[in-house]
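Here is a short tour of a protein model, written for someone who likes to check the geometry alongside the text. Have a look at the structure below, and then we can walk through it together.

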Amino acid sequence: MIVLGYESSCDETGVALVCTERGLLAHALHSQVAMHEAYGGVVPELASRDHIQRVLPLTDQTLNEAGLTLAQVDVVAYTAGPGLAGALLVGASVAQSVAWALGKPAIPVHHLEGHLLSPLLAEPAPEFPFVALLVSGGHTQLMRVDGVGRYELLGETLDDAAGEAFDKTAKLLGLGYPGGPALSRLAEQGDAQAYALPRPMLHSGDLDFSFSGLKTAVLTQVRKHEADGGVTEARRADLAAATEAAIVDVLASKALKAMRQTGLKQLVVAGGVGANRHLRQRLQTEISKLKGRVFFPPVALCTDNGAMIAFAAAQRLKAGLVDLAQSNSHAFTIRPRWALEDLAV
Ligand code: ATP
Ligand code: MG
Ligand code: FE
């Protein structure tokens, strides 16, 4: 079966074609980062309008790349939530309209399930069961994954997400949006030992996280330097390195704790922060010592994209979790707030 997938939950418009037997056929992506940069963050109304302009040209591009026509599509999938309501509505209504015009079913996909299953797109792919560390702009969760749709939450952040911690600290240091990649680049020139930043909840005994205090700790240092001659370029690089080290430290320790606690030897990392080089290296090193294995999605598929949405739909179809008859009604709803545990199997 050929699945045409749409992602529009935030500031990326993604379209992809996935075959349930052959995997990813083609995908196209437009990031609105440059447009939102001037505002220091995503402006929801601008995001929705831009999705409208991009979605059909990206559909054509994806079909061309795969050498397919719309008539060859069997199922249309789209991100139904969580995300920005207006942005979600664009992808959902386009997907439902395309499906209706083709006389084919349309299926809603949970955005986080897309992130969570995206490491299965890599070669080699992990096998169930595994522990998943989901680290994105809006979420930080550890999950036990026993199969498609079988997700047990082990721990999560009590406040900011890891990506948010990167973004907010980057903003404090005068870096652009999104801050994660920029902060990570600046950190290359810094000394992580120059500042002793907190490792929030490192020894809390559970698998939860907290990152909001880290941002405050960096702010305190910035204020101190403003009073004593300013935040020089070298200090900014040191603060960036120390922040990255603190976040990576906590994420890696808790992920390993989750592996010990569940007895599982495989860790899967998903979401935008999974692109972080230090996090990747640290997990590779520590998990190989345990004779375990760690899996990451291809770097380009860590942040939002259509491939993970079409792929998640294909996995649900293969697992027999989709009622295609029900998917033919084309009545739809979006869920801007939607916990992964509420996802019906
Ligand atoms: P969610 O999926 O929770 O709704 P989102 O879709 O906005 O949130 P993603 O697209 O998965 O999140 O990831 C974006 C986040 O990843 C941003 O916070 C960004 O700063 C962070 N990020 C991207 N690349 C890196 C990197 N190399 N190092 C650290 N953080 C990074
Ligand atoms: Mg994004
Ligand atoms: Fe995302």
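This is a predicted model: local features need pLDDT of at least 70, side-chain atom pairs count only at pLDDT 80 or more; totals for chains, interfaces and linings use all residues.

Helix 8 itself covers residues 233-262, which makes 30 residues. From its first C-alpha to its last, helix 8 reaches 44 Å, close to the 44 Å expected at 1.5 Å a residue.

## Overall build

Stepping back, the protein contains ten helices and ten strands. Its radius of gyration is 20 Å, and the globule rule gives 20 Å for 345 residues, so the protein is as compact as a globular protein of that length. Along the principal axes, the C-alpha atoms fill a box of roughly 65 × 45 × 30 Å.

How many of the residues count as buried? Of the 345 residues, 51% do. Contacts across the sequence are also worth a look: among those between residues at least 6 apart, 74% join residues at least 24 apart.

Five strands come together in an open sheet with mixed pairing, in the order 3-2-1-4-5. Which strands stand at the edges? They are strand 3 (23-31) and strand 5 (106-110), and each has a single partner strand, so one side of each is left without a neighbour in the sheet. From one strand to the next, the twist averages 20 degrees.

Within this sheet, strand 1 (residues 2-7) and strand 4 (residues 75-81) run parallel and are joined by four bridges. If you want a residue pair to find on screen, Val3 stands opposite Val75 in strand 4.

## Helices against the sheet

Helix 2 (residues 44-66) packs on the sheet, where it touches strand 1, strand 2 (12-19) and strand 3. The direction of helix 2 makes about 30 degrees with that of strand 2.

Helix 10 (residues 306-318) lies across strands 1, 2, 3, 4 and 5. Relative to strand 2, helix 10 runs at about 40 degrees.

## The annotated domain

Finally, a word from the record: an unreviewed UniProt entry lists residues 24-311 as "domain: Gcp-like". In the model, the end C-alpha atoms of residues 24-311 lie 7 Å apart. That span is 48% helix and 17% strand.

Note on methods:
Residues are numbered from 1 along each chain as its sequence is written. Chains are lettered from A and ligands numbered from 1 in the order in which they are written. Helices (H or I, at least four residues) and strands (E, at least two) are DSSP runs, numbered from the N terminus. The expected span of a helix is 1.5 Å times one less than its number of residues. UniProt positions are given in the numbering used here, feature names are shortened, and annotations may be inferred rather than shown by experiment. The radius of gyration is taken over C-alpha atoms; the globule rule is 2.2 Å times the number of residues to the power 0.38. A residue is buried if 20 or more other C-beta atoms lie within 10 Å of its own, exposed if 12 or fewer, and partly exposed in between; C-beta atoms are placed from the backbone. Two residues are in contact if their C-beta atoms, placed from the backbone, lie within 7 Å. Two strands pair if DSSP finds at least two bridges between them. Axes are lines fitted to C-alpha atoms, for helices over the stretch in contact, and angles run from 0 to 180 degrees between N-to-C directions.
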